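Please open the model in a viewer and keep the sequence panel at hand.

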Amino acid sequence: MDAIDKKILNIIQTKFPIVQKPYDAIGKEVGISEEDVITRIGNLKKEGIIRRIGATYDPRKLGFVSSLCAAKVPPEKIKEFVDVVNSYSGVTHNYERDNDYNIWFTFIDESMEEIENKLKEISQKTGVKDVRNLPTVRFFKIRVDFDMEK
Amino acid sequence: MSKKTMTDVEKAICTAIQYDIPLDPCPFETLAKKVGIPEDEFINKANEFLGKGYIRRFGAAIRHRKAGITANGMGVWVVPDEDRERVGKIMATFKEVSHCYERPSFEGWPYNLFTMIHGRTKEDCYDVAKKISEATGIKGYKLLFSSQEFKKESMIYF
C-alpha cells in the first residue's frame, strides 16, 4: 500500500460516491486517472485488504434487531460450538477472547425473541449452558472507518 | 420503513448493492440493468436510502488485520447506573473507539459499558483504555483481546 492507496481507502470507506462514474470521481479527488483507481482498487481486493464495496444497512431501520452474545466454552468444545454458532446466517462476527466468557458473537435477527430462541437451540445442540444475550441497553457510538494515513 | 413495507424494486436495488459492486467504470448502470430500471433512478434511490439512514454506510469494508490494524480490544467497564450517560458520551469521543454501547450486567459479570478499541498493537489499546479511564474516572475495567477470528461477514438482509 502506498500513500495514494491509503488516500483512496480513506475516501471509499465512508464516502464512496453513488454517481454515474464513481471511480472517475474518486480519481479526480485523489489526482489520478479513473483507470488507475480501478487498477488500484482491484489490487486491494486481490490482496484481501478490501473485503467488498457496497451498502451496510442499519438493522433497526430495516426492522431487524441485533445483539452481542457471550459464552463460556470449555477449550475442547470450542471447535464444535463455533461451527454450530457460525451456521446461523444472523451471526456475522465471532471471536475468541481471553476471558472466562471466551466466545463472543453478534447476532442479527427479526426479533429479540428469535435470537433468544436460537441461543437456546445452540445450548441444546452443543451442551454449552452458559450462553448470554447482551442486547444494547443504550447506544453511544458506531463508526467503522479507519484512518489509513495515520 | 422496514423491509416489509418496501416495494419489490426497492428490495431489488438493496439486494444489488448489499454485496460487492462491479469494478467497471459505471457500476450502477450495470446493476440498474440487472434490476431493470434506468440508471438515474437506481442512483437516486440508493442515495435516498443513504440519506434516510437505511444504508448506514456505503463503501469499502476493510479487513483490518490485513491493513495493519491488528489489535482490537473489547473494553468492558463497571460504571454506576447514574453515571453511564456521562461516561458513555466521553468514551464515544475517542477516535480509537469504534463502538460504544451499554449492555446488561449479570451475576459474575459486573461490566455494563462496552467499547471496541482499535490499534496497531495491544499496547496502543491499553494506552487508549488508560486515557479513557483517566478522562472518565472509571477504574474498574478490562480489555478482552481477540485471539481468534472465527467469522466476520456482512449480514445478508435481502
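Select the charged side chains of chain B: the mean positions of its 25 positive and 22 negative charges lie 4 Å apart. Lys and Arg count as positive and Asp and Glu as negative, with His and the chain ends not counted; each charge is placed at NZ of Lys, CZ of Arg, CG of Asp or CD of Glu. This is a predicted model, in which local features need pLDDT of at least 70 and side-chain atom pairs count only at pLDDT 80 or more, while totals for chains, interfaces and linings use all residues. Residues are numbered from 1 along each chain as its sequence is written, chains are lettered from A and ligands numbered from 1 in the order in which they are written, and side-chain values use heavy atoms, with hydrogens and water left out.

Next, display chain B as a cartoon. Helices (H or I, at least four residues) and strands (E, at least two) are DSSP runs, numbered from the N terminus. The C-alpha trace of chain B spans about 55 × 35 × 25 Å along its principal axes. Of the 158 residues of chain B, 51% are buried, where buried means under 20% relative accessible area (1.4 Å probe, protein chains only).

Now select Ile12(A), Ile17(B) and Phe28(B). Within the largest nonpolar core, which has 45 residues, these three touch the most other members. Such a core is a set of buried Ala, Val, Leu, Ile, Met, Phe, Trp, Tyr and Cys residues joined through side-chain atoms within 4.5 Å. The elements that give two or more residues to this core include helix H1 (3-14) and strand S1 (50-57) of chain A, and helix H1 (8-16) and strand S1 (55-62) of chain B. Apart from this core lies another, of 19 residues, among them Ala71(B), Val87(B), Cys125(B) and Ile132(B).

Which residues surround Ile12(A), leaving aside its neighbours within four places in sequence? They are Ile26(A), Ile41(A), Ile50(A) and Ile53(A), together with Phe58(B), Gly59(B) and Ala60(B); contact means heavy atoms within 4.5 Å.

Finally, move to helix H5 (residues 122-136) of chain B and select Ala129(B). Ala129(B) is buried, with a relative accessible area of 0%. Not counting residues up to four places away in sequence, Ala129(B) touches Trp77(B), Ile117(B), Tyr141(B) and Leu143(B). The C-alpha atom of Ala129(B) is separated by 7.2 Å from that of Gly75(B), 54 residues apart along the chain.

Terms used
Buried means under 20% relative accessible area, exposed over 50%, partly exposed in between (1.4 Å probe, protein chains only).
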